[in-house]
Amino acid sequence: MDRLATNMPSLFSPKSVAVIGASDNMNKLGFHVMKSLTNGKFSGKIIPINPTSNKVMGINAYPSINDYNDLIDLAIVVLPAKLVPDIFQECVDKGIKGIVLITAGFREIDDPAGANLHEKTADIVNRAGIPVIGPNTFGMINLNGNLNASFTPEFSNLKKGNICLVSQSGGISHLLAFMAMELNVGFSKIIGLGNRLNVDFDRMINYLMTDPDTKVIALYIEGIDDVRKLIETARKNRGQKPIIAYKTGKGKVGNQASMSHTGSIAGRHELYRSAFNQAGILNIDSTETLLDTAKAMSLCPLPEGPAMAVLSGQAGPSMAACDLLESEGLKIDGFTRKTQEKINDLLPPLALRANPVDMGPAWYDSSAMQGIIRAVMDDENVSGILFLMMFASANVDALKGVRDILIKWAQQKPVISCILSPPGIWDEEINELEKFRAIVNYPTPERAAMAMVNLWRYKRIKETMELN
Amino acid sequence: MEIIKNALKEGRTALSEHESKEILASYQIPVSKEIVVDNAETLMKAVQEIGYPLVLKGCSSEISHKTEKGLIRLDIRNDNEAKEAFEEIVRGMGDVKGSVLVQEMVKGQRELVIGLTRDPQFGPCVMFGLGGIFTEILKDISFRLAPLEKKDALDMMQDIKGHKILDAIRGMEAADKDMLVDILINVGKIGLENEAVKEIDINPVILSGSRPVAVDALIVLEEPKIS
C-alpha cells in the first residue's frame, strides 16, 4: 500500500486536529469550522492556529503549528490560496497525517495561476504521502468519530448510520444531508472531494471498502480526469459493498463531426453509464433516488427474487406502487395456495384478497392484519414486501396492531413502506418502527417502490458479478 | 496490420468497406461473401461465383454513406440487372477512386449494429444496438469499455430496450448469442490492438437465421498520437 493510503485512516479518525485559520470572527470560514468541531463534540484535541489571538472560542490558540509541541494528525486549512504551499510545507515538516483544504482558488479558476498553484501544492503533499480532501470543499464529516471537519456545524445533527456519501459538489452534499434529516437517513461519513488534489473517487472507494463503519457507498459525480482508474477500482471490489452513483452533466453529446454512427452517438454520459454498469456500480438518476436507494441498501437485505407482495390499507397507493414495480421488472404474482387460503380466512370476500392485498376491511382487526402480514412473510414465493398505509381517523390504532410483528420480523425479507399521516399523528410510531429496522419508510408509494426496484437491480448486478 | 499501415501511409482517414471487412475477418468476425471487381469481365466471373440474388456496391475509402449516394443495388437476380447496376454505380462514383463489390445477399429481417469508438478518457468502447435505419432513429444502443468479458457482452445485449429482437420471435430463430459475444469481444480487441483505429461501424450486422453476419463495415483511422 502506498504511504498516502496508509494515512487515510488518520485523516478520517484523527486524535488531534489543527484549524489553520481559526477565528472568532463569524464572517470567516475559520469561525464556522471551529464551531463544527466544538458543537460536533469532537473528543480529541482541537488546536486553533491564529497568528494574533491566544484563544479562539475559549480554546488555547497558537501562532503556527510549529508552536504546538505535541503531535497533530489532521490539519483543516482555511487560509487564502497563495499561502497554502508554505503552510503545506509546515504540515509536512510537522508530520501531519491528513489535510482538509477548504480554500478555493486552485485549478477550478480561469486564471492559469490557479492550475500552477494546484500542481505546486500537490507536489508537496504527494512526496510526503499526505492525503488531502479538497481544495474548494466544505470539508468532510465522520459521524461515528464525532468529527465535523466542515464549515457547516449543522452536519453534526445528522443521524449516525452506515452510508458514506462521496460527492464532488458541496451544494449536493448539503442538499442530501438536509434531505436525509427529513427522511431519517443515517451516514457514516460525508466527504466533499472538491477539486481532488490527491484524493479522488478511486482512492475513496479503496479506503471505504475497508472502513468498518461504511456499508453503502453513494457517489455524486460531475466529471473525473481518470475514469478508467475509478472503473478499475470499482471492478476490482465489485460485489463487496454496494456502490451507487448519480452522475450529472448529460449535456455533452458525442462527437457530431464523427464519420461513423458509433462515434456520433457515443455521448460522454452514455459511456459513463455503461462503464459504471460494467464495474458493478448502480446508476441512479436523481438526488432523491440516490438517498432513497442508499437508505434501503443500508437497512434491508437484498430480495432473493423479483416476486413482491404489496399490502395496502387503500387501493390507490398500491396501484401507484404496482405500476412502478412492474414497469421496472418486478413481479406481483399470486401467492402460494396456503398463503391465499389464510388471507381468504381473514378478509371478507368483498376485499381484493389476491396480490396486491387490500387490507382495508381488516383495519379494526389487528389480529387479522397480523395474520395477513405473517402469511405473506412466510410465503416462499415472496421475496419482498411493500407495505402502504395512509392515515384515516378511523384507523388511528392500525399501526399499533402491526408493530410487534414487523419488529420481530426485522427485515428477514425486505419490508419497505409508505406509511403516512398528517404531521404529529404517527410520527413517533413510524420513528420507532424505523429505529427497530422494522420498516424503511418513504413519503410516497412510488419512492418506496423505486427503492425496492433498486435493491433488486443491485441484487442482479451482484449475481452477474458472482457468475463471472 | 498491413492494411491499416498502408492506408495511413497514403494519408487516408478510412478504410473501404472491403478493407474493413478484411480486418474484421482476421478477427474471426463473420462477414458477407464478396469479391471486388473493376470491369465487366471480372464482374461476370464474380457474379457466377457468388450466385444470385446478390448485391452490388460502390467500394471506396472515400465513400462512407453509400445509401445516401445511391451506390447500393440490392437483390440483383440476373446478368442483365448485374451489368446495368454495375454501370450505374461506376457512373455514380464519378471521379472517386474505387471499385465495385459483388456481394452475397444476406437474408434476414433483423439488423443489428456493432461498433467501436475510441474516447480520449474511456479508451476503446464497444457499442451494440439496433441496426440499419433504426440506429439513428431509436438510438437503442449500449456501450462497454474494452476489454470485454463474456458477461459484459451478454449484459450489453440485454441492456438495449429492444433486446427481445434476439429471442426466437415470429417464427425466427433465436440469435446465436455465443457468436455475438465473440464478435463484441473481438471488436474490442481490434480497438485495443490497433491504436490507429478510431471508430468502427458494422451496420448492419444481419441475423441470417441465428447467425450474425457483418454486411457493411467502416473503419475510421487516425494516426496514433505519440505520447
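Two strands count as paired when DSSP finds at least two bridges between them. With that meaning in hand, the reader may turn to the structure shown above, which is a predicted model.

Strand β6(B) has a partner in β5(B), residues 110–119, with which it pairs in the antiparallel sense over eight bridges. Within this pairing, B:Leu116 has B:Val126 as its bridge partner. The link from β5(B) to β6(B) is a hairpin of three residues. Strand β6(B) also pairs with β7(B), residues 141–145, again in the antiparallel sense, over five bridges. Here B:Phe128 is found opposite B:Ser142 of β7(B).

Helix α2 of chain B, residues 17–26, is another mostly covered element, with seven of its ten residues buried. The buried residues are B:Glu17, B:His18, B:Glu19, B:Ser20, B:Lys21, B:Ile23 and B:Leu24. Just after this helix, B:Gln28 adopts a positive phi of about 60°.

Nine residues from domain 1 of chain B and nine residues from domain 2 of chain B form the contact. On the side of domain 1 of chain B that touches domain 2 of chain B, the largest share, three residues, is supplied by α2(B). That side of domain 1 of chain B consists of four nonpolar, two polar and three charged residues.

Attention now passes to chain A. This chain contains 17 helices and 19 strands. Its radius of gyration is 25 Å, close to the 23 Å that the globule rule gives for 468 residues, so chain A is as compact as a globular protein of that length. Along the principal axes, the C-alpha atoms of chain A occupy a box of roughly 80 × 65 × 35 Å. Of the 468 residues in chain A, 49% are buried. Among contacts in chain A between residues at least 6 apart in sequence, 74% connect residues at least 24 apart.

The domain assignment divides chain A into domain 1 (1–136), domain 2 (158–299) and domain 3 (301–467). Between domain 2 of chain A and domain 3 of chain A, the C-alpha centres are 29 Å apart. To their contact, domain 2 of chain A contributes 13 residues and domain 3 of chain A contributes 18 residues. On the side of domain 2 of chain A that touches domain 3 of chain A, helix α11(A), residues 287–299, gives the most, with seven residues. By class, this side of domain 2 of chain A comprises five nonpolar, five polar and three charged residues.

Chain A also holds an open sheet of five strands, with parallel pairing and the order β2-β1-β5-β6-β7. Strands β2 (45–49) and β7 (132–133) of chain A stand at the edges; each has a single partner strand, so one side of each is left without a neighbour in the sheet. Strand β1(A), residues 16–20, runs parallel to β2(A) and is joined to it by five bridges. In this pair, A:Ala18 is placed opposite A:Ile47 of β2(A).

Two helices pack on this sheet. Helix α3(A), residues 29–39, touches β1, β2 and β5 (74–77) of chain A, and its direction makes about 165° with that of β1(A). Helix α4(A), residues 84–94, touches β1, β5 and β6 (98–101) of chain A, and its direction makes about 170° with that of β5(A).

The loop between α4 and β6 of chain A contains A:Lys97. Is this residue buried or exposed? A:Lys97 counts as buried because it has 23 C-beta neighbours inside 10 Å, where the cut-off for a buried residue is 20 or more. Leaving aside residues up to four places away in sequence, A:Lys97 touches A:Asn7, A:Ser10, A:Leu11, A:Pro14, A:Asp73, A:Leu74 and A:Ile130. A:Lys97 and A:Val125 are 28 residues apart in sequence, and their C-alpha atoms are 10.0 Å apart in space.

Technical notes
Residues numbered from 1 in each chain as written. Chains lettered and ligands numbered in written order. Predicted model: local features only at pLDDT ≥ 70, side-chain atom pairs only at ≥ 80, totals over all residues. Helix = DSSP H or I, 4+ residues; strand = E, 2+ residues; numbered from the N terminus. Domains from an automatic or database assignment. Contact = placed C-beta atoms within 7 Å. Nonpolar A, V, L, I, M, F, W, Y, C, P; charged D, E, K, R; others polar. Axes fitted to C-alpha atoms, helices over the stretch in contact; angles between N-to-C directions. Rg over C-alpha atoms; globule rule 2.2 N^0.38 Å. Buried ≥ 20, exposed ≤ 12 C-beta atoms within 10 Å, placed from the backbone.
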